[in-house]
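Have the structure open as you read.

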Amino acid sequence: MDTATLARFEAGRDRLASLAYRLLGSAADAEDVVQDAFLRWQAADRERIEVPEAWLTKVVTNLALDRLRSARARHERAVGAWMPEPLLDGDPMLGPADTVEQRESVTLAVLTLMERLSPVERAVYVLREAFSYPHAEIAEILDISESASQQHAHRARRHLAAGRAVERVDRTAARRIAKAFLDAASSGHTERLVALLTTDATAVSDGLLGLSPRLVHLSRPEQIAAMTRAALKPTAAKHKLVGGHPAIHAAVVNGSPALVFALADRVVSVAVLDVRDDKVATIHGMASPTRLARLAKQWQRHPHDAPLIESW
């Protein structure tokens, strides 16, 4: 492959990765899909490809749909072990963020709700809302009719309406919200933490070390507050399990405020706080090294703000 052809693919790599990530909710799978697309790009008769960007978009979309339909993906989602992989603010895999729709499409709330969609509905939603493709081009990519694309988009928006209400924040707001949440959780007063949650708040966690075979789901504010207070209470046993006394940082993850627990530059766990109407609507607690792999690498590469707590 000549340098120009390689450069053309590399110029679009981040866009393709952000497309695959939105479709799959997994950074690792998105990277694999983009690599598979590169191999197909290498093997293709490129003289017959009139618009390389469109060709690569179609390849990545259909490779991602194949993964969504795979037996492994169906099993992981069926046993309740699936949760989106988080991405730190500034990660190129987050992709375009110029419009409200683009920003919403990468929140953990929407990525989770997209599990309710069929693979084709998911693809139509992502191509339309995040990448502004017209229905005629979406129909071509997915080998469906234009009217079918419009119908899939309508159904997807209806299913995702709740997740689209999540508020995106900047670093200043994220730090303020994360500090208020941490202060309330550490106060010893459950009602203070309950007051920060929406009445329909939910929480999902993969356990202290991310080793739980099934995710833990909570759906009552009082229950969530009690669990959060217990989880954030430092003990010798917890310090032994995580390997020390981590600092707690505020960060922006998938557009939402987050608490990042880190030992030096090693991320131990992350709690992402989706916000709606100035209250926390969803908490995603993640400690699985596999689930946090890409975020951990990004954390090591970039400077971060002073911790909220130096030693937890």
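This is a predicted model: local features need pLDDT of at least 70, side-chain atom pairs count only at pLDDT 80 or more; totals for chains, interfaces and linings use all residues.

Residues are numbered from 1 along each chain as its sequence is written, and side-chain values use heavy atoms, with hydrogens and water left out.

**Helix pairs**

Helices here are DSSP runs (H or I, at least four residues), just as strands are E runs of at least two, numbered from the N terminus. Axes are lines fitted to C-alpha atoms, for helices over the stretch in contact, and angles run from 0 to 180 degrees between N-to-C directions.

| Pair | Angle | Axes apart |
|---|---|---|
| α2 (residues 13-24) and α3 (residues 27-43) | about 130° | 8 Å |
| α4 (residues 52-68) and α9 (residues 135-142) | about 60° | 9 Å |
| α4 and α8 (residues 119-130) | about 145° | 10 Å |

Take α4 and α9: with that angle of about 60°, α4 is oblique to α9. Oblique is what remains once angles under 35 degrees (roughly parallel), over 145 (roughly antiparallel) and 65 to 115 (roughly perpendicular) are set aside. Contact means heavy atoms within 4.5 Å, and here Thr57, Lys58, Thr61, Asn62 and Leu65 of α4 touch Glu140, Ile141 and Leu142 of α9. That contact has 3 nonpolar, 3 polar and 2 charged residues. Nonpolar covers Ala, Val, Leu, Ile, Met, Phe, Trp, Tyr, Cys and Pro, charged covers Asp, Glu, Lys and Arg, and the others, Gly among them, are polar.

On its other contact, α4 crosses α8 in a right-handed way. Thr57, Thr61, Leu65 and Leu68 of α4 meet Pro119, Arg122, Ala123 and Leu127 of α8.

Now for α2 and α3, which are also oblique to each other and cross right-handed. The α2 side includes Leu16 and Tyr21, while Val33 and Val34 are among the α3 residues.

How big is the second largest pocket? Its volume is about 490 Å³. Of its 27 lining residues, Ser205, Leu208, Ala231, Ser269 and Gly285 are the closest to its centre. A pocket is an open set of points on a 1 Å grid over the protein atoms alone, where a 1.4 Å probe fits, with protein on both sides within 12 Å along at least five of seven lines; lining residues have an atom within 4 Å of a point. Volume is the space filled by probe spheres set on the points, which are joined across faces, edges and corners. The lining has 19 nonpolar, 6 polar and 2 charged residues.

Conventions: A crossing is left-handed if the near helix is turned anticlockwise from the far one by less than a right angle, and right-handed if clockwise.
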